[in-house]
Structure formats: C-alpha cells, structure tokens
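Work each one through before you read its solution.

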Amino acid sequence: MIDFTQIPSPAYVIDESLLRRNLSLIRSVEERAGVQIILAFKAFALWKSFPIIKEYIRYSTASSPWEAQLALEEMGSKAHAYSPAYTEKDFPIIQSCSSHITFNSLAQFRRFYPDTQNNPDPISCGLRINPEYSEVETGLYNPALPGSRLGIVREELGTHLPDGVEGFHFHTLCESSSYALENTLKQVEIKFGDWLPKLRWLNMGGGHLMTRKDYDIEHLIRLLQDFKKKYPNLEIILEPGAAFVWQTGVLVSSVVDIVKNKGVATAILDVSFTCHMPDCLEMPYKPIVRGAYQEATPGKPTYRLGGNSCLSGDYMGDWSFDKELAAGDSIIFEDMIHYTFVKTTMFNGIPHPDIVLWKENQTPEYYRRFGYEDYKNRMS
C-alpha cells in the first residue's frame, strides 16, 4: 500500500508489487499458451523499470528508431519493429536495432527489404495486414475503418506473396477481450488463411487487456493453443502495452484553488488533463478518482476537476465528495501509468509530475524529477 504522505504532488507513482503481479500473469499466459508476449513501448516505455520487466519478459516492439534504440540499449534485445512509413534517414537505425521488421505497404516492403539482406544479423520481414474487422468503437483507435492507412487489405495483396515475406502482423484491438480476438482471427482466416500455412510467424498486435479483472484468461489460452495446433508452422506473437501496467499506479495531484461560476464549482489542480492525462480528452474517458463518487451525487459537494493549463477545455467532471474540497487537498487519479507519460507534453511550461516507483519494501524510489532545464532544453 502506497504511503502518500511520502509522495510529493504532482507525481506518477508505480506500485512495484502490482507491476510484478501483472508481469507474473503475462508470463504465465506466455508459457501456458506457448506464444511470445512482448512489451509495446507506445503504451509504456519507462526504461528505469526495465530491470524488473526483464525478470519476466525479454522482448519489445518499437514503432520508431528511438524506440528501437531503447529496446536494444535498455531491454538488451532487438525489437520487433513496425511503422506506418520508414524513411531513408531512419531505416538504417531501425535495421540495426531490430530482429523483425513489419512493413505497412507493399511499396515500403519493396523499397527497404533489399537493405535488410545486407544486415550483419538476420532480419525476419513481414507485412501488416488489414482484416477490415475491428470491434473498437472509438474511431480514433480503430485501424480497420474504410480508408484506413494502416495495413494491406486482401485485394491489394492479390494472389502472390512477395519473396522474403515471413510473417503477417495485424493490430485491430484496443483494451479488448479474448472474444474480440477470437472474432478477429476468424476474419483473418477468411481473408488471409491461404497464406498462414506458408509463413513463419503471426503477430496479433496489441490491445489484449489480459490483466483486467474480468478478462477470460482461460479462453485466451485455449484460443491461442487451438490456433497453434491448426498452424504449427507459426510462431505466435502478442504485443500488448497497457496490459503490462494496467492498474499498477496513480497520478497524485493537489487542489490549488476552487473557482465558482454560474453554480459550477471547479477544483483547479496542479496537474493538467491535456498535458498529463491526454487520453482522458482524446478517447475520451472519465478517470476514477480515489475516494470520490464518479457521478454527481445529490447532497454531496460536487466539482469539476480542472487542469492548470490555459486550454479552456482542460477539465472534466463532475465528481462528488463527502466533504467540500479546499486548497491543499489531495486528488488521486487511478490507473495513470499506461499511455500517460509516453504522451505527455510541456504545453504552457507546466511542471511535469515526478515519476516514482513505490518499492516492495514500502519506500519510494524517484526515477525522475523534472525541472526548468527540461522545459527549456525541449524548446530549443
């Protein structure tokens, strides 16, 4: 249990015991299903925690040259790389830091595949396919919508697979269930099944939220085992991101002021939704606040929670509390480790929250404390 009296505001705090709980479950799925599960940096790339993560899994997926470099330097292993488009400038770095490279289009494959054959270490190349099926309801996160720029549809692939293609990669899930994966695999087989017996690997992408409490782990394991029996030639790869750190930590903040306007009370915080919790506004979703009622509750003091940027829409609400809020009160946002500090900004020069590991021995370890120089150096 985190002792918040030892944590300054604002701060992201990761609970090591909860992180290890998730990692243990993921490793168990990997071993029981006979698949490879790798960490997607796009959701979580806090490299100072990698010594913990490497006790359970060793590989990662990268979507840029910097992520690929981070994989090699801090995970100690080459990345499974995918990008919507590689450039002449970046591809040599991608190539030197990757064991697998997935191409988003046939044109990209044809342009860069010959380069991979000159690499000192073997690189296994594949194509991202688009099964044109996804159960993701938010359009911003659905890569299978008509006209999507992500992946190759079957009619574009045609009847001939280019020489050198050893695998397929699809990614159409987002915080999804094993049943959504099951339905997706049916569509993959319908559209691309004739190629599956001829490949070496199939990457099922991310979005497998296997550490969520209501996720059917046993169904996932059976599904993967059955698929492997059907296609024994395939190495199966999953690359979740959020699942690794789902509900493993919080964002600690404090009330700075209370602003009232036309009957609406807003608690202004020392954090920002747009800077520090961007998915809340993008998805959008309303985060859980510890100790608060998640909806306006009659008879209870009710507040919007407002960020400290000058963006007028930097707020969410409403939440109710058992007592009126005042300056200095602590506001703790639950589940704020995935897709947070990988997406944060320094808009308005707002101070960035500290990043803290709450260790199993019940003491804090400060991974990073940010200062003015971090902001200044980023601006030029």
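**Exercise 1.** Work out whether Y339 is buried, partly exposed or exposed.

*Solution.* Start with the cut-offs: buried is under 20% relative accessible area, exposed is over 50%, and partly exposed is in between (1.4 Å probe, protein chains only). Y339 comes out at 23%, so it counts as partly exposed. Next, find its place: the loop between β15 (330–334) and β16 (354–358). Finally, check the backbone: phi of Y339 is near 55 degrees, a positive value in a residue that isn't glycine. N348 sits in the loop between β15 and β16 too, with a positive phi of about 70 degrees and a relative accessible area of 39%, partly exposed.

A note on the source: this is a predicted model, where local features need pLDDT of at least 70, side-chain atom pairs need 80 or more, and totals for chains, interfaces and linings use all residues. Residues are numbered from 1 along each chain as its sequence is written, and side-chain values use heavy atoms, leaving out hydrogens and water.

**Exercise 2.** Describe how α7 (residues 178–192) packs with α8 (residues 217–230).

*Solution.* First take the geometry: the angle is about 20 degrees and the axes are 9 Å apart. That makes α7 roughly parallel to α8 (angles under 35 degrees). Then list contact residues (heavy atoms within 4.5 Å): among them are L181 and L185 of α7 and L223 and F227 of α8.

**Exercise 3.** Locate the cis peptide bond that leads from M283 to P284.

*Solution.* Read omega, which is near -15 degrees. Then place P284: the loop between α11 (278–282) and β13 (302–306).

Key. Axes are lines fitted to C-alpha atoms, for helices over the stretch in contact, and angles run from 0 to 180 degrees between N-to-C directions. Helices (H or I, at least four residues) and strands (E, at least two) are DSSP runs, numbered from the N terminus. Angles under 35 degrees count as roughly parallel, over 145 as roughly antiparallel, 65 to 115 as roughly perpendicular and the rest as oblique.
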